[in-house]
Amino acid sequence: MNAVLKPPPAAMHPDEWKERLQLAACYRVFAMLGWTEMIYNHITVRLPDSVTGGAKQFLINPFGLHYSEVTASNLLKIDLQGRKLDDNPWPVNPAGFTVHAAIHDGLPDAHCVMHTHTTSGVAVACTQGGLAQNNFYSAQLHGLVAYHDFEGITIHADEAPRLLKNIGDKPVVILRNHGLLAWAPTLPLAFVRLWTLQRACDIQMAQASMGPAIAVPEAVARKTTHDSFQFDAQFGAGQDVFDALVRQVDRIDDSYKN
């Protein structure tokens, strides 16, 4: 994020306010990109130990608000069970947090988890072959994509072990018949991973109507993934891309900072 224009509210740890600002900005970026599903879907972050003293606490969008209405102050603080830890009047969507809780709890590096139901993302998730290795974007995700079979609406905690087993250490996930997911140690890295997967799905859906595709050889895909700098910490790991989009949001509506 660029300069923080507003100080944290009284009694709020500055590290929590920083996380709130970045997450609220991300919700507005998703809204700008059209990655919304009315009031559904979620982007969550784990608050740092400097705020929680080591307890697992998270920020999530208030259930009932569109992404374009999310602000730093109206984000909910919750625990692993989805229980509110503040006096925010908005409710939590427990079904929405089930998958996120499993990943945050089961993967130590999952600081941020993002989930979408975009048209092309769900379309590819419904495709028997999954993500096709046939375009510039999918070639950057060679060996990085996990798949998890559809088990219905994600409200049952007993799905968590199967989900974690299927994810392993892969940073992007296609939830079959359902949608896309990404996780990472930072929010910008999770974002750029999801953006790459989303673009791969966009291209795949467009290409599918045009006849047989030209497959990318596995060796080339491996090299492309190795050479892709956008996920590399040396090149910002998505921070520069995310900051550019936040600047665009700021020019449109910076009320997320409230």
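Which residues of strand S2 (residues 57–60) are buried on one side, and which on the other? In this predicted model, Gln57 and Leu59 lie on one side of S2, Phe58 and Ile60 lie on the other, and all four are buried, so that both faces of the strand are covered.

The neighbours of S2 in the sheet come next. Strand S1 (residues 43–46) runs antiparallel to S2 and is joined to it by 2 bridges. Within this pairing, Arg46 has Phe58 of S2 as its bridge partner. Strand S3 (residues 76–79) also pairs with S2 in the antiparallel sense, here over 4 bridges. Lys77 in S3 stands opposite Leu59. Phe58 and Leu59, the residues of S2 named in these pairings, belong to the two opposite sides of the strand.

The loop that leads from helix H1 (14–33) to S1 contains Asn41. The phi angle of Asn41 is near 75 degrees, a positive value in a residue other than glycine. Most residues other than glycine have a negative phi. Asn41 has a relative accessible area of 5% and is therefore buried, the cut-off being under 20%.

Because 6 of the 6 residues of S7 are buried, the strand is largely enclosed by the rest of the structure. Gly179, Leu181 and Trp183 point one way from S7, while Leu180, Ala182 and Ala184 point the other way.

S6 and S7 form a hairpin with 3 residues between the strands. Asn177 is found in this loop and takes a positive phi near 65 degrees. How exposed is Asn177? With a relative accessible area of 43%, Asn177 counts as partly exposed, since that class lies between the limits of 20% and 50%. Asn41, by contrast, is buried.

Arg193 has a relative accessibility of 16% and so counts as buried. Leaving aside neighbours within four places in sequence, Arg193 is in contact with Ala182, Trp183 and Ala184, as well as with Pro171, Val172, Pro185 and Phe231. Ala182 and Ala184 point one way from S7 and Trp183 points the other way. Arg193 and Leu65 are 128 residues apart in sequence, and their C-alpha atoms are 25 Å apart in space.

These elements belong to a protein with 8 helices and 7 strands. The radius of gyration is 18 Å, close to the 18 Å that the globule rule gives for 258 residues, so the protein is as compact as a globular protein of that length. The C-alpha trace spans about 60 × 40 × 30 Å along its principal axes. Of the 258 residues, 48% count as buried. Among contacts between residues at least 6 apart in sequence, 67% join residues at least 24 apart.

The accessible surface comes to about 12000 Å², and carbon and sulfur atoms account for 58% of this area. The protein has 20 positive and 25 negative side chains, and the centres of the two sets lie 2 Å apart.

Note on methods. Residues are numbered from 1 along each chain as its sequence is written. This is a predicted model: local features need pLDDT of at least 70, side-chain atom pairs count only at pLDDT 80 or more; totals for chains, interfaces and linings use all residues. Side-chain values use heavy atoms; hydrogens and water are left out. The radius of gyration is taken over C-alpha atoms; the globule rule is 2.2 Å times the number of residues to the power 0.38. Buried means under 20% relative accessible area, exposed over 50%, partly exposed in between (1.4 Å probe, protein chains only). Contact means heavy atoms within 4.5 Å. Accessible areas come from the Shrake-Rupley method with a 1.4 Å probe; for residues, only the protein chains shown count as cover. Lys and Arg count as positive and Asp and Glu as negative; His and the chain ends are not counted. The place of a charge is taken as NZ of Lys, CZ of Arg, CG of Asp or CD of Glu. Two strands pair if DSSP finds at least two bridges between them.
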